[in-house]
Amino acid sequence: MSNTFQKQILPWLLPFVVLIVWQIVSMLEVVSPSLFPAPTTVLESFYELIVSGTLAEHIQISLYRAFVGLIIGGSIGLLLGILNGWSKWSFFTFDTSIQMVRNIPHLALLPLAIVWLGIGETSKIFLVALGVMFPIYINTLHGIRSVDRGYVEMGRMYGLRGWQLFRHVYLPGALPSIFVGLRYALGVMWLTLIVAETIATSDGLGYLAMNARQFMQTDIIIVTIIIYALFGKLADMIAQVGEKNALRWHPNYRK
Amino acid sequence: MTNSTEERGVRINVSQLQKSFGDNEVLKDVDLTIEKGQFIAIVGKSGSGKSTLLRLVAGLEQPTNGTLLFDDKTIKKTDASVTMMYQDSRLLPWKTVIDNVGLGLKGDWKDGALRVLQAVGLSEFQKEWPGTLSGGQKQRVALARALIREPDLLMLDEPLSALDALTRTEMQDLIEQIWRDNQFTSLLVTHDVREAVKLADRIVLIEDGEITLDLENPLPRPRDVTDERLVALEKQVTNRILEEEPSANH
């Protein structure tokens, strides 16, 4: 019973307390309501945005950008990580270049992306893809390289070659590390999207927030921030479920 | 492995085998013939070259010089089935027990896997993850994984040295019984002289990359470690190992 409390209730206690304090502070009007709207005001705006359908529209386009960017960047990162972890030739050919590009803050490429790719979807998807690629690349590479050589030798001894060796030994051995990369990449994905959507766009959650700023609609800004938090948590939860499922053999993930 | 009428085992011929790592000559001109179905134990201190000999026979390393023949064929042309048990069981932690046993096998191997798991007394653990097993159970699964391939040569690289004394004795009995039922050739590398004397038909001592002792062990099986003749043999080998100690310092 104390276990359910610890796992189900305790994590939500702090956000709840913060909410209560916030509401009280707003009701006392310590600061101007237009700067610091009460949770109830935020909730009201939230409701209005949902009912009018505006929110769904913006969320839809943001999720589309996030998802496509993640798929493209994640696949490239995964492939490069596997390739460079597998083959020394590939590693020495690509790794230095990848590390150089990685050390450029990818958001610094935003102006360049707009100039080259325009203000349409491509530039935003490009930036998200670029951002998520590196954490997945590095963790996949590390995962493949840290697979116990003893398993590889045993696998060879028992007749595993090429793809078989990869599928039965390297990939599952690298999976815990790949999931670390994925969860980190999800954070980078949202961050990139927020920044990319605040500049040169006419839809998406980032636009909604920037637009609200122009009209001093603090409540709407807070709504978008909350949505980011919710989606961030949701994405992480989905990744966690996948992780738990794929790594159920691992002592750290066992119930 | 229930099919005992089938011809099993392989004759191994090692001649003038030499292996160097850089300037370090680990094996010097080793000559050794292992008969079909023989259980041979190679003993020696760590760094003597005994593990290198095993790795050469397993094809995990290439010899610098010399030849290695399986039934008079080179190691690449042999169709003898060679399997190995390691000191660490090397079960893949992401595969269940039964999938570890069937690793890399094609066709319908499930029945065979269950049979070998039964032979090592672990059939009820088939769906478990290796992480939940004890050290002794893991080695039993590793043994099952080696047996399902119906080996002509089973190599044992210190497979029991990480186990506690009681489990080790149990495993020795199990390995001996399975070897007697199947008559494959067995090559055991160990630093435990008592284990060598208990299990092997023949005990070979390697020191500084050379064979310095080659003893037949014709004692009847199953063997009792308290048997006087066995104790005497163990003493003989141990004393031989220890008397080399001072000369190594010169």
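Predicted model: local features only at pLDDT ≥ 70, side-chain atom pairs only at ≥ 80, totals over all residues.
Local features were taken at pLDDT of at least 70 and side-chain atom pairs only at pLDDT 80 or more, whereas totals for chains, interfaces and linings use all residues. Residues are numbered from 1 along each chain as its sequence is written, with chains lettered from A and ligands numbered from 1 in the order in which they are written.

Chain B is assigned domain 1 (12-81 + 154-248) and domain 2 (91-149), the bounds coming from an automatic or database domain assignment. The C-alpha centres of the two domains lie 26 Å apart. Their contact (C-beta atoms, placed from the backbone, within 7 Å) takes 12 residues from domain 1 and 9 residues from domain 2. On the domain 1 side, helix H5 (residues 165-182) gives the most, with 6 residues; helices are DSSP runs of H or I of at least four residues and strands runs of E of at least two, numbered from the N terminus.

In chain B, 6 strands form an open sheet of mixed pairing, in the order S6-S7-S8-S3-S9-S10; strands pair if DSSP finds at least two bridges between them. Strands S6 (82-85) and S10 (210-216) are the edges, each pairing on one side only. Within the sheet, S3 (residues 39-43) and S8 (residues 185-190) of chain B are parallel over 5 bridges, and Ile42(B) stands opposite Val189(B) of S8(B).

Helix H4 (residues 135-147) of chain B packs on the sheet and touches S6 and S7 of chain B.

Conventions
Contact = placed C-beta atoms within 7 Å. Axes fitted to C-alpha atoms, helices over the stretch in contact; angles between N-to-C directions.
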